[in-house]
Amino acid sequence: AIHQLVFHAVKRALARSAAEAPVAFASIGGSVPIQSAFAMQQPVASYASPMPAPMPQGEKAPPLGYAVAQLHGVYILAQNEAGLVLVDMHAAHERIVMEKLKANLDAGAVQRQPLLVPAGLSAEALDIATAEENRALLEKLGLEVSVSGPNELAVRAAPAPLAGGDITGLARDVLREIREFGASQALSSRQDELLATMACHAAVRANRALTVAEMNALLREMEETERSGTCNHGRPTWYQLTMADL
């Protein structure tokens, strides 16, 4: 089934109009923030990226190669020296974000980014009490949450790596985690689960059209991130197809 998906993806990518200008790898070597993917709102019917130029002759490709196409807004197809790499972009980005959060927390606290417009969320009395009693813990996690009404909370700052994601859902899930397991467990035995939940709200979603530069930026971040070969739930984030497999 994977071979059939790859065959049809490559076939359609190669069939694109010759009038489309190829994207040279020299133009995508710079650092492109993954957060820029959040601005891409349009759904993807099939393959949204222009066909890149062939791999540079005599130049060793990075381990995960260079992006060729995007499949149904879910997978990145990349070519490396061994053949073709199939990447689950959402699962891979979740791992990248989680490792950034973990590094921040190990250094003392998650970096915060103030929100220009606070994100409001309806809250029950228990949620409001949890937010007020655990203000220090929330700040350590990069969240600034205050009471803005009898049944409402306002998120005024969010973790920097997550600021472009679902802030309301993030705050709600973190409060639920603290309420159910307590502040001490949230930062000890359940730290990985908590950070994985937080990362889920920031990771690039399915059906997002990424440019070739954004796809390559994600591949480079994967190569630099510890444990990026598996998602936060232990499943592989990428799969190698050799030329012999193809």
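Leaving aside neighbours within four places in sequence, which residues is Asp127 in contact with? In this predicted model, where contact means heavy atoms within 4.5 Å, Asp127 touches Leu153, Leu175 and Arg179. Asp127 itself lies in helix α3, residues 125-133; helices here are DSSP runs of H or I with at least four residues, and strands are runs of E with at least two, both numbered from the N terminus. Asp127 counts as buried because its relative accessibility is 14%, the classes being buried at under 20% relative accessible area, exposed at over 50% and partly exposed in between, with a 1.4 Å probe and protein chains only.

Attention now turns to helix α5. This helix runs over residues 167-181, and its 15 residues reach 21 Å from first C-alpha to last, close to the 21 Å expected; the expected span is 1.5 Å times one less than the number of residues. Among the buried residues of α5 are Ile167, Leu170, Val174, Leu175 and Ile178. The cover over the buried residues of α5 includes α3, β4 (112-122) and β6 (152-159), along with α4, α6 and α7. After α5 comes Gly182, with a positive phi near 90°.

A further residue to look at is His90, placed in helix α2 (residues 89-106). His90 counts as partly exposed because its relative accessibility is 21%. Between His90 and Arg208 there are 9.9 Å in space, C-alpha to C-alpha, although the two are 118 residues apart in sequence.

Residues are numbered from 1 along each chain as its sequence is written, and side-chain values use heavy atoms, leaving out hydrogens and water. Local features need pLDDT of at least 70 and side-chain atom pairs count only at pLDDT 80 or more, while totals for chains, interfaces and linings use all residues.
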